[in-house]
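I opened this notebook to record what I looked up in one protein model. The entries follow the order in which I worked.

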Amino acid sequence: MLLDALAAIDKISERIGEDRSADMGGGGGGKAATKGDDATSATSVRNQKIANLPAQEVMRQELQKEIEKEVSELHSEVKRARKRLTRPGAAYKLNALYARMRRLNSLIAELFDAAYDAVKRLFIKVVIDRQKVL
């Protein structure tokens, strides 16, 4: 399941990258140069963070905190969805929220048995790049 989650995150980041590169507009040349400068500085900061990764146990703890934070956000969404349970489609959304919470909790359990490379990839995507886990 951990590898499936990583594959899903990779697909999302590929789509996001394609969306950014699809803009072929020529207007605002001065702003485009500024964006490029920001991207290179962000990339260098990202590369520095990747080069200075903490120990595997520290990465697991930080990943667990991030996943638990996402689960708590899902809990609040469940509370809001329960208030609107009489609306059409609300039960489906509630079921999807619970399924996502179960997947995140099982991911925490699998995180402790995962290989270093899998933990490292997930750490980079979630903690450094600030992407959603699932």
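**Entry 1: Ground rules.** I note that this is a predicted model, in which local features need pLDDT of at least 70 and side-chain atom pairs count only at pLDDT 80 or more, while totals for chains, interfaces and linings use all residues. Residues are numbered from 1 along each chain as its sequence is written, and side-chain values use heavy atoms, with hydrogens and water left out.

**Entry 2: The whole chain.** I looked up the secondary structure and found five helices and zero strands. Helices (H or I, at least four residues) and strands (E, at least two) are DSSP runs, numbered from the N terminus. Along the sequence I read the pattern α-α-α-α-α. Of the 134 residues, 26% count as buried, that is, under 20% relative accessible area with a 1.4 Å probe, protein chains only. I then turned to contacts (heavy atoms within 4.5 Å). Among those between residues at least 6 apart in sequence, 80% join residues at least 24 apart.

**Entry 3: H3 and H4.** I found that the axes of H3 and H4 come within 10 Å and cross at roughly 165 degrees. Axes are lines fitted to C-alpha atoms, for helices over the stretch in contact, and angles run from 0 to 180 degrees between N-to-C directions. H3 and H4 are therefore roughly antiparallel to each other, a term for angles over 145 degrees. The residues of this contact divide into 14 nonpolar, three polar and six charged.

**Entry 4: H3 and H5.** The axes of H3 and H5 also come within 10 Å, and I read a crossing of roughly 45 degrees. H3 and H5 are therefore oblique to each other. In this contact, Gln56, Met59, Arg60, Glu62, Leu63 and Glu66 in H3 meet Tyr116, Val119, Lys120, Leu122, Phe123, Val126 and Val127 in H5.

Methods: Angles under 35 degrees count as roughly parallel, over 145 as roughly antiparallel, 65 to 115 as roughly perpendicular and the rest as oblique. Ala, Val, Leu, Ile, Met, Phe, Trp, Tyr, Cys and Pro count as nonpolar, Asp, Glu, Lys and Arg as charged, and the others, Gly among them, as polar. Buried means under 20% relative accessible area, exposed over 50%, partly exposed in between (1.4 Å probe, protein chains only).
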